[in-house]
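Colleague: I'm new to this one, and I'd like to know what the labels really rest on. Could you take me through it?

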Amino acid sequence: MPTTPSVLVAGGAGYIGSHTAKFLRNAGYTPVVLDNLCTGNRFALRYGPFHEGNISDAALVRRIVDQHQPVGAILFAGHIDVGESARAPRKYFHNNVGEAVAFLDALLDSGVNRVVFSSSCAVYGIQTVMPLNEDASKDPVSTYAETKLFLEKVLRAYDSAYGLKYAALRYFNASGADHDGEVGENHTPESHLIPLAIYAAMGGSPLKIFGDDYPTPDGTAVRDYIHVNDLADGHLRALRHLIDGGPSVALNLGTGSGYSVHQVIEAVERISGKKVPGHMGPRREGDAPELVCDPRRVRETLGWVPQHSSLEEIVTTAWRWHSEFQKVAAGK
Ligand SMILES: NC(=O)c1ccc[n+]([C@@H]2O[C@H](COP(=O)([O-])OP(=O)(O)OC[C@H]3O[C@@H](n4cnc5c(N)ncnc54)[C@H](O)[C@@H]3O)[C@@H](O)[C@H]2O)c1
């Protein structure tokens, strides 16, 4: 019986990793998840084999590679909270850099030389010219963003010295949920706008809005929201690009359209039919007024065009997840 090619998905119990695991499974791959469940969800482990452990555990990585012979790896595993990274930089450098470098070493030592890495548009920091293309200066303003940029540098050096081929994908704002409601966003604590607005609409804490005096059309910050399934598609395309012998790349993944905090709130209110209670606070340090992607390079390189990233579809899938499925999936 022919076996399907495997892909090692480090951090596959998390939000973006679990959607990507499902996407890979549906595309004929076996996603093999390695996750220590520090923030991941057991309920999201449903699309392929699971190995519980740390990405820096070289012996475990070798065993997984020996057993599953993956065609490449995707590195989602990491800590993601920008605010926490200011309070606990040690935790972020340790995990997002130290453990991640150990993972790359273990991959190379096991003979895996293709990796897709979760970078972030945060590497650009605060920029004035929009949309942002990949050549914009890299000026991280948080420890979190520093760790992402540092790992991109490690990848570049490992490519030139050891032939490790990589795709560093700089996501804009991951959002939305699986259309079947099997997985969705379940961060604790949550720091992302759409789930927080939905929780507020469902009777949770009122939404804190950080500033309405930005130089944007309605004064609130503008972001580029990208559906998590479009991100998943981007990962598979990036992996195939490397499998086909393409060079290492660093690419933005975003739509090219920005929405303000007020526009997101309006969408949540319209789609849920409920009010989003909230209060206005001052700007938050390190927040850019606007972050919008120029998606031309990823379109040209990978043929990637978002299919599910209208604000309507993002908020509709997120609302269904949080209002109907999340509690059941998470056993809350
Ligand atoms: N969510 C976004 O909007 C966004 C935007 C840009 C970049 N990213 C990046 O995408 C990646 C995934 O984000 P997410 O929102 O799915 O986060 P998440 O917290 O839901 O998932 C991260 C997963 O990695 C696992 N993990 C963390 N450290 C590990 C370690 N040392 N060993 C093994 N497993 C470990 C966690 O248990 C979790 O399952 C992160 O690297 C994040 O920085 C996310």
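Colleague: Let's start with arginine 170: why does it count as buried?

Modeller: Buried means under 20% relative accessible area, exposed means over 50%, and partly exposed is in between, with a 1.4 Å probe and protein chains only. Arginine 170 has 4% relative accessibility, so it counts as buried. Before we go on, this is a predicted model, where local features need pLDDT of at least 70, side-chain atom pairs count only at pLDDT 80 or more, and totals for chains, interfaces and linings use all residues. Residues are numbered from 1 along each chain as its sequence is written, and side-chain values use heavy atoms, with hydrogens and water left out.

Colleague: Where is arginine 170 placed, and what is it in contact with?

Modeller: Arginine 170 sits in strand β6, residues 165–171. Helices (H or I, at least four residues) and strands (E, at least two) are DSSP runs, numbered from the N terminus. Contact means heavy atoms within 4.5 Å. Leaving aside neighbours within four places in sequence, the contacts of arginine 170 include Ser119, Tyr124, Glu134, Lys138 and Leu251.

Colleague: What makes the pairing of arginine 170 with glutamate 152 a polar contact?

Modeller: A polar contact is a pair of N or O atoms within 3.5 Å; within protein, one must be able to donate a hydrogen and the other to accept it, and residues adjacent in sequence count only if both atoms are side-chain atoms. The side chains of arginine 170 and glutamate 152 make such a contact at 2.7 Å.

Colleague: On to helix α2. How do you know that its buried residues line one face?

Modeller: The buried residues of α2 (residues 58–68) are Leu60, Val61, Ile64, Val65 and His68. Seen down the helix axis, they fall within an arc of 135°, so they line one face of α2. That arc is taken from the directions from the helix axis to the C-beta atoms. The face turned away from the buried side carries the exposed residues Arg63 and Gln67. Among the elements covering the buried residues are β1 (6–10), β2 (30–35) and α4.

Colleague: Why is glutamine 69 called exposed?

Modeller: Glutamine 69 has 55% relative accessibility, so it counts as exposed. Just after α2, glutamine 69 also takes a positive phi of about 50°, although it is not a glycine.

Colleague: And leucine 37, is that buried or exposed?

Modeller: With 17% relative accessibility, leucine 37 counts as buried. Leucine 37 lies in the loop between β2 and β3, and its phi is positive, about 60°, although it is not a glycine.

Colleague: What polar atoms lie by the ligand's oxygen atoms?

Modeller: A polar side-chain atom of threonine 39 lies 2.9 Å from a ligand oxygen atom, and a backbone N or O atom of phenylalanine 76 lies 2.8 Å from an oxygen atom of the ligand. The protein covers 97% of the 840 Å² of accessible area that the ligand has on its own. Accessible areas come from the Shrake-Rupley method with a 1.4 Å probe; for residues, only the protein chains shown count as cover.
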